[in-house]
Amino acid sequence: MENFLRGKHAALIDMDGVLYDSMKYHTLAWQRMMSELGVECSRDEFYLYEGMTGAATINLLYQRAFGHNCDPEEARRLYSIKSEYFKEYGAREPMPGADMMIAALKEAGLRRVLVTGSAQLSLLDSLSIDYPGAFGEKDRVTGLDVAHGKPDPEPYLKGLEIAGVSASEAIVIENAPLGVRAGKGAGIFTIAITTGPIPREEFEKEGADVIFPSMREAAEVMLKMAKEMRR
């Protein structure tokens, strides 16, 4: 495999399913909240919506169930309920191998920028505890910072702006098909890691440049690449 870290200066990194093994709790919280509204939905379908803003996810289900978007104020209320359910599950589990990945990116000299569609403060506030020194104070793009969440390329374009690099000088690290689409739409080399139940084929359809079956395997490869660059 070609060393995809060579010549790169920044890594734009998703949060849920990449830094935290949190998608299993997000999907439960989403299904619980929407089911209480009488909206039929499966838990696994929310893996496919990962990366979208909360409002966009709610509108997608509202259109399917009721034929119209949700009122913006009501969408904010519903997302707050979903966030409370998420916190109930005690969902703060760093992804096994993610610390090794961050170490590899540091060794390779890449600036790290968080790019997430989430606005889940319970996780965002934990980043400095679980990944000390991984991200600068302003090195993050969240669902609160964009008008259009993933799959629109806007979040990753903002990430490039923060890092001060061109698309050819960055990589994206994702675990969701919509996130891969956003990264590719921004013109960035995009790495997919299948940490959830979504089959590899979904990432291939979106044009992922490299696909790893686990975070640990991805981290091991990146660490070898970083050491090769140091030599």
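This is a predicted model: local features need pLDDT of at least 70, side-chain atom pairs count only at pLDDT 80 or more; totals for chains, interfaces and linings use all residues.

What percentage of the 231 residues of the protein count as buried? I get 52%, with buried meaning under 20% relative accessible area for a 1.4 Å probe, protein chains only.

Residues are numbered from 1 along each chain as its sequence is written, and side-chain values use heavy atoms, with hydrogens and water left out.

**Overall build.** I looked up the secondary structure and found eleven helices and six strands; these are DSSP runs numbered from the N terminus, H or I of at least four residues for helices and E of at least two for strands. The radius of gyration is 17 Å, close to the 17 Å that the globule rule gives for 231 residues, so the protein is as compact as a globular protein of that length. (That radius is taken over C-alpha atoms, and the rule is 2.2 Å times the number of residues to the power 0.38.)

**Helix α5.** Next I checked residues 98–107, which form α5. Its buried residues are Ala98, Met101, Ile102, Ala104 and Leu105. They sit on the same side of α5, because they cover an arc of only 160 degrees around the axis, judged by the directions from the helix axis to the C-beta atoms. What covers them includes β1, β2, β4 and α11. Just after α5, I spotted Gly109 with a positive phi of about 80 degrees.

**Largest pocket.** A pocket is an open set of points on a 1 Å grid over the protein atoms alone, with protein on both sides within 12 Å along at least five of seven lines; lining residues have an atom within 4 Å of a point. The largest pocket holds about 490 Å³. It is lined by 21 residues, and the closest to its centre are Gly54, Arg76, Tyr79, Ala119 and Leu144. Which helix gives the most to this lining? That is α4, with eight residues.

**Cavities.** A cavity is a set of grid points where a 1.4 Å probe fits but cannot get out. I found two of 30 Å³ or more. The largest cavity has a volume of about 210 Å³, and of its 19 lining residues the closest to the centre are His26, Trp30, Glu50, Gly51 and Met52. Helix α1 gives the largest share of that lining, three residues. The second largest cavity has about 30 Å³, and Glu50 is among the residues that line it, along with Tyr47 and Phe203.

Note on methods:
Grid points are joined across faces, edges and corners, and a volume is the space filled by probe spheres set on the points. Buried means under 20% relative accessible area, exposed over 50%, partly exposed in between (1.4 Å probe, protein chains only). Contact means heavy atoms within 4.5 Å.
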